[in-house]
Each structure stands twice: as structure tokens, then as C-alpha cells.
Amino acid sequence: MRRRVRAALAVAMLLGEDVGRTEKFVAPAVLYAGVLAVLFGGAPGPLPEPWAASALLLYPVGAWLAHALAETEDDDARTVTLSAAGGPWPVAAGVLLAATAGVAVLGLLAVVWGVIAAWGTATTGSLLDGLLAHLVCGMTGAAVGAVFSRPVFRNEGPALIGALVVLVVTGTQSWLPPVGTAAAALGSGRLGVGPLGDLVVALLVAVAAVTLVVRVEQGGLRAAGHRITGLLARLRR
Amino acid sequence: MRLVGIHHTHPSGTVALRGADLDVEPVVPTVVRGPNGAGKSTLLRIAAGALVPTAGEVEDAPAVVGYLPDRFPAARKMPPRRWLDHVARVHGVDVDDAADRADELLEELGYDGDDDEPMGELSTGNARKVGLVQALSCDPGLLVLDEPWNGLDDEAADALTRLLGARAAPTLVTDHTGTAAGLPGARLHRLREGRIAATTDPDSVPLPAAPPPGAMMRLDMACAGDPRPLLERVLPPARVEGAAPGRFTVRVPAPDSDAWLAAALAAGCAVRSVRPVRSARPEDRR
């Protein structure tokens, strides 16, 4: 287990540097920074309301980052990583770890920017809520992005459409933990399962995503995959 | 380490392996040969742990496996030594030790790429060398090499042959150049239509660990200028099969081949290939 965790961290560093050098992180990061500039540029209302939007936006941005990390290596280079890591588990976990590190940086940027833009309106409690909400949204997004890429989806088109549908549907339901409730709690002060509850749900979603990716990599869901492909082929006819 | 009853079907529906069984030898190299599309690369990917088979078991896999895929110059922006450090860390071995070994191996293989250049801009040969060093430098309990002699120049190919000949740990190799079959003690297996061919198949009979009495080796050598004076005066006697300026081929008894090679290397020649002579007729063996 310890070896797997170490391997996962090492994979996260490898993929992180790869994405850093290929600059595939630039588009989502610039998009996010741009929206933050609009959000906090004028006269933002008192905190934590403005953070609701920045946390919610970190949901798709996290998915984008995780997708970039999962797809950064070509198929042959990926076999070397898989073999070195000793199987699919550390690779899937590494993608999620690196993406979580990325969204943590962006989330911190949003929180700090908010504190400066709406100076004097943040309390210790709202600061903690804001930090947790950004982490929750970003991490859940990373889980969605990890599922909607290789090895579960081998084609870019279906992966993109599937991810967009899931992100829009789950991101707009303010009753749905973890993303909906986390963003809504900041905006209207309504409490869902609480900030820590959201974090627990987000962690569960992340574990479920890693499990799904590993199962697909191990060929565990081949039968289901064949059934779906067969169904699609029949629908097309 | 053993592969037992490996079946594999690709997501496209292509059946690659149909019940392949393979024991990887603990000391001598295990060589898998077979025609294109026989499933060699798929089998090696499974042995390396990069692919989970549809059915079958990989038993007693060691913790650290060094793997070189068949298609490897990876288009990366990372400089080669950064990548080697990352892979060592993923392997879970000490990064500094691995880097020291990698430096030695890169030098031995004659690597001359730029350290700061992205890997994607290396020449094919240098990229292959980085890939080989990645697999070798982690001190692997199992080494899986898919066509490792591909894309190497003569000197690097010889260096690799020496490295693999000196290795006394599980090694699984595919190779169409025939060099792997000449490694000391190499056991040959033939993969045909997704199965390891039975021992009744003449091509799959494992080579005995020691060469049989009377076995001959064919040495293909390169030298500067006309080889004839060299062959007549400097080198030990041998049956010359062909000689041309810059190149010659001789046949020597297998037990003498090492001494002969040493003499030829001392005389300034380079080894192009060393292969056992396959005798079609049994009377040749006498």
C-alpha cells in the first residue's frame, strides 16, 4: 500500500511536469484567472457570496485539468508509466492527485483575490468555508475529468460531450452535494450537508472515480462496454 | 515469474492471445519469436504489467519491472534525465542510485544527446537509448524488452548485447534480428497465433544451455580497409565465408568464438553480429 501511494505521488509529479512543460494547463488557468478578474474587478459584494461563482467555475476547470493530465502521455509512453507504477491504480490516483494540486492552487488564488478585493468583509468562518468550497468543487471536477478521458473514453468527442453534460447537470442542482450544496452554501447561506460533509462526499466521489478508472483499465467492465457499443450501433441504424 | 493461460482481446475485438503459457527463466534470457501479428508485443505488455489480460494469470511478478515498448521515441517536452528521474521515482527506487547507473549505461551505449533538449527532439537512436536506460537503470527484478536492438547503431547494439549477456536475472525479450537467440544460454520460444508453440514444433525447441559439441558460430565483422591481410596474418585461423573491403564473415567453433572475437577486437575490428550457425543436416554436427 505504501509503495502504491509513493508510486501515485511520483506519477502525479511526472504528469504534472509533463502538463507544465507542454503548457496544456494554460488555457483553463487563464480562463479561470480571467473570470476571477471580472468577478472581483468591480465592486464585489461582501464575502462569501462572490466565492460561490468562483468555486462553481472551479468545477469544470478541475475537470479540464484532470483530462489534460490523463491524456498528456501518448499510448506507448503510458505503457512505460503503467509498468513502472506496477499497475493502473497509482496512475489513476496520480492523475487525480496532480489535478487536485492544480485546483488547490487556483482555489487559493480565488480566495486570496476575494479577500483583497472585498477587504474587511471576510470572517474566519467564511474564509474556511470559501477554502473548503473551492477544494470540494475542484476535486469533484477532477474526478469527473478523470472519468471522461482515457482509459474509460478512448475518443475525444464522446468524452467532451459526456463531461459537459455531467458538469452542467450536476453543477446546476443547488441541492446536490458536493458541488451544488458547496456553491449554494456560499451564495445564499443555505446549509446542505455542511462544508465538511461536502468534503467527505467529494472524497467519496474521487475514490469512486479512481475505482471506476482502474476497473476499466483492468477490463472489468468490458462486457458493459460491449453492450453499450452494440446499443449505439443499433441506434445508429 | 510465469504467465499462465493468457488470453487477450483488444477493445477493437481483435484477438491477440489465445491461452499463452510462458515460464520466464530465472537466470538466462527468455526469447519470444514469432511472425508479425502473433501477439508478441501484447504478451510482453502483459508480462510488464502495463496491460491486464482478458483471462489468465501473471504469477510471481517482481516488484520492479523494467519495460521498453516496441514504439519508443516518446514526444515529450521533458529533458531525458528529468524523465529518467521521474520514472525511477515511479519505480520506487532510489533516484540518485538510479541516476548514477543511468549515467554509466548511457555512456556505455554511446548516448550523445543534449541534456537540456526536450526528449521529442532527440534522434531515434538516442531516444531508444534513453528508453533502454530507463528499463535497465532501475535494477529490475524482471526486464521486458520489445525489440531492443531496433534503431541502434552497430556499436550500441554490441554494447546492449554485452549488457544483456552479462545479466543473470529474469529477462524477457522479443527480437527479429536474431541477436537475442545468440545470447549465452538463451531459451527460445515461438509464439504462433496467440499461443506458445508446442515443443513438438521444431522451431520452438529451447536451445540447450551449452552449445552442442561441434556447434559453429558465424561472426560478421567490420574492419578498416581490406580484411585479407588481417585474416591471413593477424587473426587466429577460421573458415572465411566472405570478405570485402571493410567487412568479412567467418565461421568458428562455438567454444573458440569468444577468444576469436577478442583477438579481432584487439586488431581493431568491430562486431556486426554473432549468430549460431543453424545446421540443416545432422551430419554437420559430427
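Which handedness does the crossing have where H3(A) passes H6(A)? It's right-handed. Keep in mind that this is a predicted model.

**The H3–H6 pair in chain A**
- Helix H3 of chain A runs over residues 49–71, and its partner here, helix H6 of chain A, takes in residues 124–147.
- The two pack at an angle of about 35 degrees, and their axes sit 6 Å apart.
- Sorting the residues of the contact of H3(A) with H6(A) gives 18 nonpolar and eight polar, with no charged ones.

**Transmembrane annotation on chain A**
- An unreviewed UniProt entry marks "transmembrane region" on chain A at residues 25–45, 51–70, 91–119, 131–148, 160–176 and 196–214.
- In the model, residues 91–119 of chain A come out as 93% helix and 0% strand, with 42 Å between the end C-alpha atoms.
- For residues 160–176 of chain A the figures are 71% helix and 0% strand, and the end C-alpha atoms lie 22 Å apart.

**Two domains in chain B**
- Chain B splits into domain 1, residues 2–196, and domain 2, residues 216–285.
- Between the C-alpha centres of these two domains of chain B there are 30 Å.
- Six residues from domain 1 of chain B and eight residues from domain 2 of chain B make up the contact.
- On the side of domain 1 of chain B that touches domain 2 of chain B, you'll find three polar residues, three charged and no nonpolar.

Definitions and conventions
Residues are numbered from 1 along each chain as its sequence is written. Chains are lettered from A and ligands numbered from 1 in the order in which they are written. This is a predicted model: local features need pLDDT of at least 70, side-chain atom pairs count only at pLDDT 80 or more; totals for chains, interfaces and linings use all residues. Axes are lines fitted to C-alpha atoms, for helices over the stretch in contact, and angles run from 0 to 180 degrees between N-to-C directions. Helices (H or I, at least four residues) and strands (E, at least two) are DSSP runs, numbered from the N terminus. A crossing is left-handed if the near helix is turned anticlockwise from the far one by less than a right angle, and right-handed if clockwise. Ala, Val, Leu, Ile, Met, Phe, Trp, Tyr, Cys and Pro count as nonpolar, Asp, Glu, Lys and Arg as charged, and the others, Gly among them, as polar. Domain bounds come from an automatic or database domain assignment. Two residues are in contact if their C-beta atoms, placed from the backbone, lie within 7 Å. UniProt positions are given in the numbering used here, feature names are shortened, and annotations may be inferred rather than shown by experiment.
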